[in-house]
Amino acid sequence: MPGPRFTSSFTQQEPISEDGVAAALAVMRSGRLHRYNTVPGEMAEAAALERDYAEWQGARYCLAVASGGQAMQIALRASGVGPGSVVLSNAFTLAPVPGAIAGVGARAALVEITPDLVIDLDDLQDKAQACGATHLLLSHMRGHLCDMDRLMEIAAARNLTVIEDCAHTMGATWSGRRSGNFGLAGCFSTQTYKHMNAGEGGLLTSNDADFMARATILSGSYMLHDRHGAGPGPDAYAAVRLETPNLSARMDNLRAALLRPQIARLDGNVRRWNRLHDHLAARLAAHPAIRLPRRPSQEGYVGSSIQFLIPGISDRNAAGFVSRAAADGVELKWFGAPEPAGFTSTHHSWRYMPAQALPRTDALLAVLFDMRLPLTFDIDDCEVIAEVLLAAADRSDLAGAA
Ligand SMILES: *Cc1c(COP(=O)(O)O)cnc(C)c1O
């Protein structure tokens, strides 16, 4: 009897809703796609998006930019990072994070992660002391939040400016407070595989007027910063407007029009993602060899992807397990592969930075598996995925090398 087989696509997102399509058509029909191309009295879609997202996020200011990576690069630069600076970051993240640090000419000091896939706060404390870093670019990788209370205590004690990479935590909370609202700034991505979909795009939020004025000019505001209703007032720009370069990383009105109606659907989508995630998590956790990262009670997560570990599995057996799952239609990412395939989340493939010894992170990545959960899936899909994975596990040797 043939086993279960999964046939849906892990990269298929939901369509843009009709209200988003209508708003995008209206922008196209107006011909005014550039955010500063407005008629008197008109608020551009990009400015309206900034206003709406700031309100939803609970941040004083919001700036729409070209990508999540640009949001991070601008945030680092606007907060004083430059050539010679040292920026701490967790070692398990995606390439745009070390890329943003390299992009401003700074040096990344990578911090170990824990078996729950969050930054190791003891290692953070040690490295902050040892390497003289001024900033922490904290990546809430795959939606896992560390103990944010303790992290902010450490940052305060060590004088570290915290910038949050919230590409996987738009809508997530720690003790009821939204991720992105803990540090100086929150950086979000609106690229197709994140929590809102405009193809590309990014959002930067902060409560700091001076920081936001610099960020707005860096984003390429051509001295039109008065068209940023969700930005600081004119006073904040006086000292920085001629001292800050223009990096041209704006968002256009078309993307903003696609995004604006999505804000109202975020909370509902978080619940939909978590139903899928929690169903699959419960099925996988029942397998004796599979371990799910612990999710602390303070964490309000967004299960737009799922991670699990098979502690002790050898590289060879991990590769076998992945290929058996793939043969039955389930696309797993495995972070222990020697060559990055379609994603780069292992520090060994970031050769533009000095090599760093991260033995605990390496050991975890070698036994870590990951899957996207697009909202085009339903609970029945998750059930088939679970059956495929459990059957692949039963047919695989999940042990270490002899
Ligand atoms: C996607 C992503 C980003 C930003 O991505 P862009 O493609 O630049 O919008 C940042 N951090 C992580 C962890 C990501 O996965």
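In this predicted model, Phe369 has a relative accessible area of 0% and is therefore buried, since the limit for that class is under 20%. The ring partner of Phe369 is Phe308, and the two are stacked, with 5.4 Å from centre to centre and 20° between the planes. This pair brings together distant parts of the chain: Phe308 belongs to strand 11 (residues 305-309) and Phe369 to strand 13 (residues 368-372), 61 residues apart. Phe308 is likewise buried, again because its relative accessible area is 0%.

Stepping back to the whole structure, a search finds 9 aromatic pairs. One of them joins Phe92 to Phe335 in an edge-to-face arrangement, at 5.1 Å centre to centre and with 80° between the planes. Here, too, distant parts of the chain are linked, and the residues lie 243 positions apart. Phe92 sits in the loop between strand 2 (86-90) and helix 4 (96-103), while Phe335 is found in the loop between strand 12 (333-334) and helix 12 (359-365). Both Phe92 and Phe335 are buried. Elsewhere, ring pairs connect Phe6, Phe10 and Phe377 into a cluster.

Aromatic rings also meet charged side chains. Arg178 lies over the face of Trp56, 3.6 Å from the ring centre. For Tyr193, the residue to look for is Arg372, whose charged end sits over the tyrosine ring at 4.1 Å from its centre. Arg372 also falls within the span of strand 13 (residues 368-372), the strand that holds Phe369.

Key
Residues are numbered from 1 along each chain as its sequence is written. This is a predicted model: local features need pLDDT of at least 70, side-chain atom pairs count only at pLDDT 80 or more; totals for chains, interfaces and linings use all residues. Side-chain values use heavy atoms; hydrogens and water are left out. Rings of Phe, Tyr and Trp (its six-membered ring) pair if their centres lie within 6.5 Å; planes under 30 degrees apart count as stacked, over 60 as edge-to-face and the rest as tilted. Helices (H or I, at least four residues) and strands (E, at least two) are DSSP runs, numbered from the N terminus. Buried means under 20% relative accessible area, exposed over 50%, partly exposed in between (1.4 Å probe, protein chains only). A charge sits over a ring if NZ of Lys or CZ of Arg is within 6 Å of the ring centre and within 35 degrees of the ring normal.
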